[in-house]
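Subject: Structure handover

Hello,

Here is the structure I promised to pass on. Please open it beside this email and follow along as you read.

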Amino acid sequence: MTEQFHFYEPRKGHGLPHDPFKAIIAPRPIGWVSSHNDEGRLNLAPYSFFNAFCAAPPIIGFASAGWKDSVANIEATGEFCWHLATRALAEKMNTSSASVDSDVDEFALSGLTPAASSVVKVPRVLEAPVSFECRLSQLIRLESADGEKLDNWLVLGEVVGVHIDQHLLADGIYQTAAAEPILRAGGPATYYTINEDVRFEMERPDNSGQ
């Protein structure tokens, strides 16, 4: 049987109606990040390139295409907060993604409440069922394989405080699906969420006897 693949070299174009790269790396959690500048002006913005990178200490990170307000604020203050974007908050998260002037407060624009954090000075989104307070650990300008410096910036932060709504804890175990996190997917405007119907269990192989 002959296998058929669509092959392309990204620098030469993908030849498809929509770039499949982001759809393949899916579903992707959302980096919904709050920050403020030296004057205390608030910023709240979602980033679709986001994930966790280390467990001990916990480190999360997001990448920004361009030197945006979030990156500038975090470089200046060394702090930010991350929030779990859920189905209930999807529209407000989307509102906070609007391209507006740096003096616009996306908390107010989205109808969200800034709440005092416990460790860092940056406020968190009160309505978010999970929030991480973070301190900047690394700010890295990305480069291509041939060393070209890109206008893309990777922000890594150590999680120094965690807020979890009690209703998401059952016997002390965090209930991932109960939060209904939303996840970025393929297409220009496509998202997914998860539920218990898609859950399955799979034990890691035990090779201790080998």
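Ile59 has Glu158 as its bridge partner in strand E10. This is a predicted model, so please read every value below as computed. Strand E5 covers residues 58-65 and E10 covers residues 149-164. Seven bridges hold the pairing of E5 and E10, and its sense is antiparallel.

Now move to strand E9, residues 130-143. E9 also pairs with E10 in the antiparallel sense, over 12 bridges. One place to check is Cys134, which stands opposite Val159 in E10. E9 and E10 form a hairpin with five residues between the strands. In that hairpin, Gly147 takes a positive phi near 90°.

A general point for your notes: strands of a sheet pair through backbone hydrogen bonds, either parallel or antiparallel.

The seven-stranded sheet

Which strands make up the open sheet of seven, and in what order? The order is E3-E2-E6-E9-E10-E5-E4, with antiparallel pairing. Why is one side of E3 and of E4 left without a neighbour in the sheet? Strand E3 (42-47) and strand E4 (50-55) stand at the edges and have a single partner strand each, so one side of each has no neighbour there. From one strand to the next, the twist averages 35°.

Helix H2, residues 69-77, lies across several strands. These are E2 (31-36), E3, E5, E6 (79-83), E9 and E10. H2 runs at about 55° to E2.

The three-stranded sheet

There is also an open sheet of three strands, in the order E1-E13-E14. Its pairing is antiparallel. E1 and strand E13 (residues 182-184) run antiparallel and are joined by two bridges. Find Pro29 here: its bridge partner in E13 is Leu183.

Loops worth a look

Start with the loop between E4 and E5, where Pro57 is found. The peptide bond joining Ala56 and Pro57 is cis, with omega about 0°.

Next, go to Asp171, in the loop between strand E11 (169-170) and strand E12 (173-174). Asp171 is not a glycine, yet has a positive phi of about 55°. Is Asp171 buried or exposed? Its relative accessible area is 82%, and exposed means over 50%, so Asp171 counts as exposed.

Glu180 is in the loop between E12 and E13. Glu180 is not a glycine either, and its phi is positive at about 50°. Its relative accessibility is 40%, so Glu180 counts as partly exposed.

The whole chain

Last, step back to the whole protein chain. How many helices and strands are there in the protein chain? There are four helices and 14 strands. The C-alpha trace spans about 65 × 45 × 35 Å along its principal axes. The chain has 210 residues, and 35% of them count as buried. It exposes about 13,100 Å², with 53% of that supplied by carbon and sulfur atoms. Take the contacts between residues at least 6 apart in sequence: 57% of them join residues at least 24 apart. The chain has 16 positive and 28 negative charges, and their mean positions are 4 Å apart.

Best wishes

Methods
Residues are numbered from 1 along each chain as its sequence is written. This is a predicted model: local features need pLDDT of at least 70, side-chain atom pairs count only at pLDDT 80 or more; totals for chains, interfaces and linings use all residues. Side-chain values use heavy atoms; hydrogens and water are left out. Two strands pair if DSSP finds at least two bridges between them. Buried means under 20% relative accessible area, exposed over 50%, partly exposed in between (1.4 Å probe, protein chains only). Contact means heavy atoms within 4.5 Å. Accessible areas come from the Shrake-Rupley method with a 1.4 Å probe; for residues, only the protein chains shown count as cover. Lys and Arg count as positive and Asp and Glu as negative; His and the chain ends are not counted. The place of a charge is taken as NZ of Lys, CZ of Arg, CG of Asp or CD of Glu. Axes are lines fitted to C-alpha atoms, for helices over the stretch in contact, and angles run from 0 to 180 degrees between N-to-C directions.
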